[in-house]
Amino acid sequence: MLKLNALSLLSTLVWLPIGGGLLTLLIGDSRAQVARWFALLVSIATLLLCVPLYQGFDHSTAVFQFIERMPWIRQLHAEYYLGVDGISLPLIVLTAFMTVPVLIAAWTVIEKRPAQYFAAFLILEGLMIGVFCAMDSLLFYFFWEAMLIPMFLIIGIWGGPRRVYATLKFFLYTFLGSVLMLVALIYLYLKAGEYSIAGFQSLPLTLVEQRWIFLAFLVAFAVKVPMWPVHTWLPDAHVEAPTGGSVILAAIMLKMGGYGLLRFSLPMTPDASRELDWLVIALSLIAVVYIGFVALAQTDMKKLIAYSSIAHMGFVTLGAFLAFDIMANTGSTSGAVNGLDGAMVQMISHGLISGALFLCIGVMYDRLHSREISAYGGVINVMPKFAAFMVFFGLANSGLPGTSGFVGEFLVILASFKANFWYAFLAATTLILGAAYTLWLVKRVIFGPVANDQVAKMSDLNGREFLVLGVLAAAVLLIGIWPAPLVQTMEASVRHLLEQITVSKIPVG
Amino acid sequence: MINPALNESTLTLASLAPAITEIALATGICAVLMFDVFAGRTWRYLTHGLTLVVLAICAWLTLSVGAVATRTVLFDGLYVADKLGVFLKLAALMATALCLFYSQHYLDRRRIHGGEYDILAMTALLGISVLISANNLLTVYLGVELLSLSLYALVAFDRDSGIAAEAAIKYFVLGAIASGALLYGMSMLYGLTGTLSLDKLALVSASHGAGFVIAVAFIVVAVAFKFGAVPFHMWVPDVYHGAPSSVALLIATAPKLASFALVMRLLVYGLGADPVLWVQMLTALAVLSLLLGNILAIAQTNIRRMLAYSAIANVGFILLGFVTADTAGYRAALSYTLVYVLTTLGSFGVLLLAARSDGEADELDDFKGLGTRDPLLALLMLGLMLSTAGVPPLVGFWAKLWIIQALLHTHHLGLAILAVLVSVIGAYYYLRVIWYMYFDAGREQTPIPRQAGTRLALGLNTLAVLALGLLPNVLLSLCERLIGAP
């Protein structure tokens, strides 16, 4: 019995939220309160399922665990094949964790079609978990694309005034990126005769093939991360999306790009990655520095955090692609491990912090219905509890030691020193730029005298909001002070990934 | 002249069994026609139900009596029955029955329902069946004409509508030219090879010089016209827009199966000895259809015109399957055609249900706010549009995937990339329907009729689109069984 449970744990994690979402849809807007509670319970149940997942996970090995494997499309040798390793496990937990505050935060705020809103997020959750645990690339693509549908509707139905433009841009941008990946996947399938990711990873490919496949993957993942210069959909989507949409977009969806680079690009095309790593590093550094300056110039709070997300995700791509230079310089993999560890920690940390910041902005927006920085000022005088959280998350976003934001950035900067001094120099500017735009935002919004009458009427956090922000703050602190469990979880898988990328896949002869 | 090998079976009643679909359908048409003539006003409303019964009996007979295990040739080689044919006929029967079922209330509300409507639909279906089973150039022509003439009349069915009459004339004139091209190509083939039989044409090897190429070109033109591929697509938007929606539905679905059969029988089988002859022509047609169909669809504000251009673009995809000149490609083309027909049935069904009593509801604006006005209908349309756009988990995604896979398998990388890129363009206008339904508030407040039966059928139709998307192996193994390895 126990074995049976363990076998279908991942499937439950994927299909419980999707099934719950469909049921929520059936409950309907006429029984909104029932729908809300039901959706919340489903999301909590999903989160609780992560406990046995984490406990049953063996940290010492890079082998995929909780494997579920059965034929899906026999003719294509595509399988319903799920599994987790140290790279996907933290992201799955993050997905389940972030959905709960998103639902709670929407409790009274979303008045238009509430049941559909809650259902959309549950379905989205299941699909996102599916992306992270799919071991078959066709199944991966299936979830990856299906995910666009609920997000498209979330931004389009519950978004701001320019929601149609934003959501179409989001959908078409991502779709365009993904279809080229599909061509690459089919190409790999025709060579390998199966769709399994592991099979693709061990498939020998010439350098020319690798280059094209690498570029096709890069387009798909770079759009999702997003990397400069294909990032322009993100500020639009973030600004127009409802709070929950922004949170999930920043916290989880962007991570899929990073995850794709680690799971597809690096191990499937290691030689092309080595050859073209300069490209990714250059784009990452542009994101860190240039987008940092762009963030500084924003007058819209959500847009500012959106640009900050692009800059922070630059660290993820930087950390992932530093490995080749480090190994060439030092001849060992220990420095490269730091870079990949940093990339992973940064993904989790950014998920928590950016999610929390969007929730903070949501709290203010619910009261004043403005996202303009200039509409606020002196919020601390009327909302002291809220101000404490906002300051805390602001500091975490600028990488204050003791918060999770510090760990990831520090590891990546440390690794970049071993690769090239100038990489480190440019990457380190984020410590200044990130602090500048975040703290300047906090200063203008939170501190100073009360700006106007409307701000004076703002009420402090209610219990629901306090709970949501409190839990997130605790998580940010926990990873900041004690990152060991997170790092240990991914240790073996990261080392295995490094082994994969050091071995050339070019066929001999 | 006549090959003794093909003539060995003498004509007995039992040997007619493989042709039972056409025999039953022709008998049914006569019966319904007689009933409609003598029923008078009081009983005429039964014609429609009787038609559905006839179609059901035909389907049952096709399955029980007409099913063949191997390729069987009848009537001195004029007629062929095989698994593919039996299945395509069943699909055409079901599609037509569903069309008529969806159309009933629409026709009643627009007060253009008459017994002729059902009868013309059945004669069109008979044409489709003949075409599917054609094994001789003359049978092909017979099927094409029977189908086309029925459709011309149907387009003009709303005889008080100027726009319908215009569409019918346009369709008729252009269709007549295409038929002329078909006949001309056929006569040239006959002159060059001395045979009309597809079996014998299939044995004629390549290298016939310019005359043969020209003959094939004329035939491809006719095929492209029937499919509605660029540059022979001019009739498509006008007919989809001008004809009553229910007729547009009929034209958009079952005849596509016939067009698929036409290519399979005429080009792939009959002229299959040297595919290079038609592959290049089909490539050009496919590329033009994909580009022009998708780009022009963006500019449309009328959903029926949009679906017309979408049909052109989808035909481009189907043709891409043939361009591979490979079994996998033909299978992909078949699955794409089936998926397209299934999805189009649903989306036009929604359009029919939403139509007002004083006219159509086919402007994009009419769909504004449908998400709140009629959540169920909007949800169905959402699924159907996403499927046509090729987004998983809906079956449209797999249809596109198999085409692309077949293209890559035969080293058509450029065409594969073109196909995925135009899909992105296509996604825009399908998403626009969703945007109007869900993101915009509507001013139209007229409630949409309940019609529980139609809704149930539409729901099942859309559910099939989703279920096949989750378990696509069903569709794939079906296509594998129907189109065997060469």
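Colleague: Where in chain A is T403(A) found?

Modeller: Good place to start! This is a predicted model, and in it T403(A) sits in the loop between α18 (384-397) and α19 (404-419) of chain A.

Colleague: Is T403(A) buried or exposed?

Modeller: To read burial, look at relative accessible area, where buried means under 20%. T403(A) has 1% relative accessibility, so it counts as buried.

Colleague: Which residues does T403(A) touch, not counting residues up to four places away in sequence?

Modeller: With that exclusion, T403(A) touches F392(A), A396(A), V476(A) and G480(A).

Colleague: Let me try a residue in chain B. Where is L407(B) found?

Modeller: L407(B) belongs to helix α17 of chain B, which covers residues 395-409. Its relative accessible area is 0%, so L407(B) is buried.

Colleague: What is L407(B) in contact with, leaving aside its neighbours within four places in sequence?

Modeller: The contacts of L407(B) are L320(B), T324(B), H412(B), L415(B) and A416(B). Take T324(B) as an example: T324(B) and L407(B) are 83 residues apart along the chain, yet their C-alpha atoms are separated by 6.1 Å.

Colleague: Now a whole helix. How many residues of helix α6 of chain A are buried?

Modeller: For a helix, we go through its residues and ask which are buried. In helix α6 (residues 137-146) of chain A, 10 of the 10 residues are buried, so the helix is largely enclosed by the rest of the structure. Among the buried residues are F140(A), Y141(A), F142(A), F143(A) and W144(A), and E145(A) is buried too.

Colleague: What reaches the backbone nitrogen of L138(A) at the start of α6(A)?

Modeller: A side-chain oxygen of D136(A) does, coming to within 2.9 Å of that nitrogen.

Colleague: Next, the backbone. What should I know before I look at phi and omega?

Modeller: Most residues other than glycine have a negative phi, and most peptide bonds are trans. With that in mind, we can look for cases that depart from the pattern.

Colleague: Which residues does a cis peptide bond join in chain A?

Modeller: W228(A) and P229(A) are joined by one, with omega at about 5°. P229(A) is in the loop between α10 (207-224) and α11 (233-240) of chain A.

Colleague: And which residues does a cis peptide bond join in chain B?

Modeller: There, V230(B) and P231(B) are linked by a cis peptide bond, and omega is about 5°. Look for P231(B) in the loop between α8 (210-227) and α9 (235-242) of chain B.

Colleague: What is the phi of R113(A)?

Modeller: R113(A) has a phi near 45°, a positive value in a residue other than glycine. You can find R113(A) in the loop between α4 (88-105) and α5 (114-133) of chain A. R113(A) is at 11% relative accessibility, so it counts as buried.

Colleague: Where does Q451(B) lie?

Modeller: Q451(B) is in the loop between α18 (413-439) and α19 (452-470) of chain B. Phi of Q451(B) is near 45°, again a positive value in a residue other than glycine.

Colleague: Let's step back to whole chains. How many helices and strands does chain B have?

Modeller: Chain B has 20 helices and two strands.

Colleague: How many helices and strands does chain A have?

Modeller: Chain A has 23 helices and two strands. A compact globule with 509 residues would have a radius of gyration near 23 Å, and the 22 Å of chain A agrees with this. The box for its C-alpha atoms is roughly 75 × 55 × 40 Å.

Colleague: How far apart are the centres of the positive and negative side chains in chain A?

Modeller: They lie 6 Å apart, for 28 positive and 27 negative side chains. In chain B, the mean positions of the 26 positive and 26 negative charges are 3 Å apart.

Note on methods
Residues are numbered from 1 along each chain as its sequence is written. Chains are lettered from A and ligands numbered from 1 in the order in which they are written. This is a predicted model: local features need pLDDT of at least 70, side-chain atom pairs count only at pLDDT 80 or more; totals for chains, interfaces and linings use all residues. Side-chain values use heavy atoms; hydrogens and water are left out. Helices (H or I, at least four residues) and strands (E, at least two) are DSSP runs, numbered from the N terminus. Lys and Arg count as positive and Asp and Glu as negative; His and the chain ends are not counted. The place of a charge is taken as NZ of Lys, CZ of Arg, CG of Asp or CD of Glu. Buried means under 20% relative accessible area, exposed over 50%, partly exposed in between (1.4 Å probe, protein chains only). A polar contact is a pair of N or O atoms within 3.5 Å; within protein, one must be able to donate a hydrogen and the other to accept it, and residues adjacent in sequence count only if both atoms are side-chain atoms. Contact means heavy atoms within 4.5 Å. The radius of gyration is taken over C-alpha atoms; the globule rule is 2.2 Å times the number of residues to the power 0.38.
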